[in-house]
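Here are some notes for a colleague who is opening this structure for the first time. Please keep the sequence and the model in view while reading.

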There are 2 protein chains.
Amino acid sequence: MVTGWVPGTGFFESFFVCTGLNYKTTGHILNDMSKSEAKKDLILDRGLQVMMSRGYNGTSVKDIVDAAGVPKGSFYNYFESKESFALDAIERVASENLKEMQRMLDSRIKSPKLRIEEFFKANIYSCCEKKFRIGCFLGNMSQEMSDNSEAIRRMLHVVMDRTTSLLTAALTQMQSDGDLSEAYDPEGLAEFLISAWQGAMMRMKTDSCQQPLDVFLAHLNLIFDAQHIRTAN
Amino acid sequence: MVTGWVPGTGFFESFFVCTGLNYKTTGHILNDMSKSEAKKDLILDRGLQVMMSRGYNGTSVKDIVDAAGVPKGSFYNYFESKESFALDAIERVASENLKEMQRMLDSRIKSPKLRIEEFFKANIYSCCEKKFRIGCFLGNMSQEMSDNSEAIRRMLHVVMDRTTSLLTAALTQMQSDGDLSEAYDPEGLAEFLISAWQGAMMRMKTDSCQQPLDVFLAHLNLIFDAQHIRTAN
């Protein structure tokens with residue numbers, strides 16, 4: 001676990017320093033800032049689509065500006081480097097994913113078991129819509145960049161820990177409800193399931209079909225249904 | 001499963017056409033061929049080390065020839081393109097991995113349960129030796145290239161199927177011995193475990209530590225120890 005994480009705060013505020021105007025701004029400055037933010041947002045949005053499809057090293061700064069329809073010089077007004085673009089892209093995707101994960105797993109209407117199943121089913125549906133391409137942008141970046149950018153690796157480490165925490169909370173509640181074998185440690189199981197899900201998405205891309213995701217779901221249910229008679233060592 | 005796979009034959013013979021001299025060769029030709037093979041082997045070996053570390057798109061043909069200490073022109077005497085180099089690299093790594101996997105899982109001396117555990121423990125040891133970098137070259141290529149090269153995706157699909165078959169055989173034997181809950185379909189479980197292992201190696205890279213691999217091993221044992229009282233749907 002990452003120390004210093006403050007639950008309930010904005011996603012990266014407790015880990016990455018956010019800079020911004022901290023003095024009284026005029027309407028004019030605010031207007032310029034808003035235009036500037038919109039342009040940065042456009043580059044990030046379009047560039048992200050390219051990087052999702054081709055990976056970090058398969059995407060050049062030229063590919064990003066071409067996709068956004070802006071001159072190459074613009075890129076460097078907003079991003080120091082391709083690495084800093086990737087960090088912003090990871091932060092954006094992680095924030096959206098974690099928000100959605102929290103929304104689905106935190107609901108108090110359904111049982112935690114059902115919430116977890118529905119969370120993964122929603123992800124399977126999304127993978128089918130994308131015709132089994134891309135998979136998880138965060139997983140792709142982990143695989144491609146962990147050995148090659150310490151900044152990217154560290155950010156992804158935080159994201160994966162946060163993902164694990166959200167699933168751990170649901171599994172802990174499930175165990176309290178008597179719906180999960182006491183042999184499991186909820187945090188360990190959450191980490192195992194997230195790894196298995198990431199691996200299933202990888203296999204989905206290799207096989208270009210839904211089956212690996214269905215296999216994951218079937219085994220999620222088998223794990224939930226398991227009883228452990230023997231003592232787990 | 002891939003149809004047309006012939007167990008026990010050379011790894012890719014039944015899927016990829018192997019070309020070679022099919023006429024009577026003289027000693028001179030054989031000698032030239034051997035030199036040529038040795039040079040191709042050198043480029044493949046050194047280039048593979050670079051591609052393992054930096055990925056497909058992070059590795060240029062120049063990086064490969066520089067690592068092998070040969071002029072750039074040499075590369076194209078042996079490989080049509082970087083993609084064809086990658087296919088040869090994948091074939092080499094897959095052949096070695098599958099041979100080792102078969103050796104460890106096919107042994108009749110130990111129980112299949114022990115063989116499977118020892119197989120993954122040996123892989124954890126190997127990951128520790130590499131200081132949690134690289135992970136699985138085949139997994140890395142799957143993640144990075146499945147959407148971008150149909151030839152690479154198809155080859156990896158065959159490799160993953162073959163990997164699944166080897167683990168399926170051991171799990172089937174384990175079930176026959178009464179050491180695995182009847183609720184599991186051995187082929188499905190093999191696919192699930194291989195995905196989980198690939199995901200654990202990805203997380204190992206992101207976290208830069210052994211823990212995700214230990215979490216995998218703990219859950220492998222929990223799955224092996226599980227009883228299913230309720231009927232699995």
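1. In helix α9 of chain B, the buried residues (20 or more other C-beta atoms, placed from the backbone, within 10 Å of their own) are Pro212(B), Leu213(B), Val215(B), Phe216(B), His219(B), Leu222(B), Ile223(B) and Asp225(B). The model is a predicted one, in which local features need pLDDT of at least 70 and side-chain atom pairs count only at pLDDT 80 or more, while totals for chains, interfaces and linings use all residues. Residues are numbered from 1 along each chain as its sequence is written, and chains are lettered from A in the order in which they are written.

2. The cover over these buried residues of α9(B) includes α8 (186-207) of chain A, and from chain B it includes α5 (112-129) and α8 (186-207). Helix α9 of chain B itself runs over residues 211-225, and its 15 residues reach 21 Å from the first C-alpha to the last, close to the 21 Å expected at 1.5 Å a residue.

3. Turning to the two chains together, 50 residues of chain A are in contact (C-beta atoms, placed from the backbone, within 7 Å) with 50 residues of chain B. On the side of chain A that touches chain B, α1 (27-54), α6 (137-145), α7 (150-176), α8 and α9 (211-225) each supply at least two residues, and the largest share, 14 residues, comes from α8(A).

4. Chain A can be laid on chain B by a turn of 180° and a shift of 0.0 Å along the axis, with an RMSD of 0.0 Å, which is the relation of a two-fold axis. Because 100% of the interface residues of chain A are also interface residues in chain B, the copies meet through the same surface.

Technical notes
Helix = DSSP H or I, 4+ residues; strand = E, 2+ residues; numbered from the N terminus. Expected span 1.5 Å × (residues − 1). Buried ≥ 20, exposed ≤ 12 C-beta atoms within 10 Å, placed from the backbone. Least-squares fit on C-alpha atoms with pLDDT ≥ 70 in both.
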